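Subject: Structure handover

Hi,

Here is the structure I promised to pass on.

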Amino acid sequence: MQQQYKLRHGQTYPLGSKFTLKGVNFSIFSRYAEEVELLLFDSSDSVEAFQIIPLKKEVNRTFFSWHIYVSKLPEGTWYSWRMDGPGHARDSGFRFEKNKHLVDPWARAVSQKQWSRKAACQPGDNSRTSMRCAVIDDKYDWEGDTPLAIRSEKAIIYELHVGGFTRHPSSKVTHPGTFSGLIEKIPYLQDLGITHVELLPVMAFDEQDVPDKTAKLGLKNYWGYSTHSFFSPHPGYCVTPEQGTHAQEFRDLVKALHKAGMGVIMDVVFNHTAEAGADGPVINFRGIGGKTFYHLDQYDKSILRDYTGCGNTVNANHPLVARFIISCLEYWVREMHVDGFRFDLASAMARGESGEVLQDPPVLWGIELSEQLLKTKLIAEAWDAAGLYQVGSFPGYRWAEWNGRYRDIIRQFVCGDKGLLNELATRICGSSDLYEPQGRLPINSINFVTCHDGFTLHDLFSYNKKHNEANGENNRDGCSNNISYNCGIEGDTNKPAIVALRRKQAKNVFSILLLSQGVPMLLAGDEILHSQQGNNNCYCQDNELSWIDWNMVNQNVDILRFVKSMIALRKRHPSIMRRRFLTGNVIEGKNMPDISWHGTKINKPLWDNPDARILAFTLAGIDHNEADLHIVMNMSDEIATIELPTIKGKKWCLAVDTSLPSPQDIVSPQDQKPLGKNFYSINSKTVVALENVNF
């Protein structure tokens, strides 16, 4: 028989389990619970607890927290909670079930080894199929590491999926699909030149959270937008999760990326949880106090308001929930050294407790004003699934936003739509119409053309329609408005002209993105033309459809080289990475404006021509050490002769021409040659950039 450990009353703080050599303090929040038990287990898959500890309200409860101290309890012990309380009827807003094992919302490590979502949805004991939490020693040798403080105007973000980045056999890493596997690919990321990796959700999530038809196909929740344990790294990305090494393995990744000069941005999901709708599973929040944590219908508390499309919405502006969210973010920065967060469906967090849209949501301002998050990057997906769209008006000033309007206008322009020049110019200059009136800056705009949600860049120019049949939902899932163009044939083709056009269009997108003011974000795999075969919603495809095939590095080495060189070009031009908006005013000492606009003729932009698809502009270097840039975008179907500006004492050199074959398509400064004329002939569907040199 396992030892029975001695008990003390314990303390309210810190919440979760706190290990010391003398014992472990456990504390959990529940405002309405009447009976609480702590269960201790030998291992993550133990069915029977070796010690069940009933907590007494008189000595183990302080305000809304239940606490107990277990003397000499060793690191590596696994545990869960059980609670009972009032209002078992669902219309009460409560889901107390005294036989359900609950995951500690503050757990630093969880195991899903025995987990059954189906069992957690049904009444009764789920001791054989529940998750477990681990008691861990939170000490770690950071070797002097601290979160990086890379200025936002210098940031180049690379969105990737921890599992899919190395799970393909071609990755040749020791532990595919893990934090450890990603560490082995850091040299590739360094060589690419990005400054930050943005990780799709890495907080512990429920892989079984998919529709029944999808599950029957053997598919699972792959992207991870189904969080249940916000303080624990996902066990599926760990090499030894049953040993409770979650925090150590994630910290190893962060430390390694920091040593390589790259920051870590986490995609976080505070708009909903894995507990889904009225018939969803009891995992933690629902069985602890769902009435507090979720938006409920005013008249029927069994109905969860759904502003997220995922069955529930976190009641983020309830004072206790807001404190939970902010303390969680502070933990990931303070204890895990994370450099930033991207908030999924962040506009759902702007809703008050009755679902109304708040002008000044306490949780969003609390995040912005937190001293611990002062240097942390905050990025909002500024919309939700119930029609709230806040791009350009997201509450707060520090918050950057995924700029959906940038994405759409660049896609339309590159695909050949007319009449876009005015808005195109605004978008590539940092979207001043969205941000400047509120005193915000170009760095508030996260510019992207592709992301995990939607077509990859390859597929954007290979498919007119989504092809999501493999997801098991009869192609009904995923967005139907892709603003894509298949270049003449749907899907794969061997026709040289179409293949060449698709590759040129990919280079056009990379060029425009990396020549735009604001913060660029690239999707992992786009630089080697990764394809998902037209599937624009691979949330459930943990297989070769989504995994990065590292053989593509050699197959598309020309595109990879182009992207590396474009990133290098951006980095050597502070004029592209401005913190403040361009003005059109003359720069002191340079005798030229910071930006000037053109068409085929100098200083004659085609703003009023509804059919025009040519835009040219000159960017003045910040100082005499930086070359000026002349950029031309011709998305018409015709070759155009472009007049070049004359700058005394300088000559233009070709830096980029996306219509040329590699390596002529992008030329490093040491290999550039001055043009012997004051005009340039630019091919159709082409982006050109010229740098000037002294002579």
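First, the ground rules. This is a predicted model, where local features need pLDDT of at least 70 and side-chain atom pairs count only at pLDDT 80 or more, while totals for chains, interfaces and linings use all residues. Residues are numbered from 1 along each chain as its sequence is written, and side-chain values use heavy atoms, with hydrogens and water left out.

**Pocket**

The largest pocket holds about 1,200 Å³ of space. (A pocket is an open set of points on a 1 Å grid over the protein atoms alone, with protein on both sides within 12 Å along at least five of seven lines; a cavity is a set of points where a 1.4 Å probe fits but cannot get out; lining residues have an atom within 4 Å of a point. Grid points are joined across faces, edges and corners, and a volume is the space filled by probe spheres set on the points.) There are 42 lining residues, and W223, L345, E381, D453 and N537 sit nearest the centre of the largest pocket. Helix α11 (residues 404-414) gives the largest share of that lining, four residues. (Helices are DSSP runs of H or I with at least four residues, strands are runs of E with at least two, and both are numbered from the N terminus.) By class, the lining of the largest pocket has 18 nonpolar, 14 polar and ten charged residues. (Nonpolar covers Ala, Val, Leu, Ile, Met, Phe, Trp, Tyr, Cys and Pro; charged covers Asp, Glu, Lys and Arg; the others, Gly among them, are polar.)

**Cavities**

Searching the whole structure turns up three cavities of 30 Å³ or more. The largest cavity has a volume of about 190 Å³. It is lined by 16 residues, with H161, L523, A524, Q532 and S546 closest to its centre. Both β11 (157-160) and α3 (162-166) supply at least two residues of this lining, which divides into eight nonpolar, seven polar and one charged.

The second largest cavity contains about 120 Å³ of space. Twelve residues line it, and G93, R95, R286, K301 and L304 are the closest to its centre. Its lining splits into five nonpolar, three polar and four charged residues.

**Helix packing**

Helices α9 (residues 319-334) and α10 (residues 362-369) pack at an angle of about 25°, their axes 10 Å apart. (Axes are lines fitted to C-alpha atoms, for helices over the stretch in contact, and angles run from 0 to 180 degrees between N-to-C directions.) That makes α9 roughly parallel to α10, a label for angles under 35 degrees. A322, I325, I326 and L329 of α9 make the contact with V363, G366 and I367 of α10, where contact means heavy atoms within 4.5 Å. The classes here are six nonpolar, one polar and no charged residues.

For α15 (residues 496-514) and α17 (residues 557-571), the axes come within 10 Å and cross at roughly 15°. These two helices are therefore roughly parallel to each other as well. The contact of α15 with α17 has eight nonpolar, one polar and four charged residues.

**Backbone**

Which peptide bonds are cis? One is from Y13 to P14, with omega near 0°, and another is from S662 to P663, with omega near 5°. P14 lies in the loop between β1 (7-8) and β2 (16-20), and P663 in the loop between β27 (650-657) and β28 (679-682). Lastly, Q533 has a positive phi of about 55° although it is not a glycine.

Cheers

Terms used
Angles under 35 degrees count as roughly parallel, over 145 as roughly antiparallel, 65 to 115 as roughly perpendicular and the rest as oblique.
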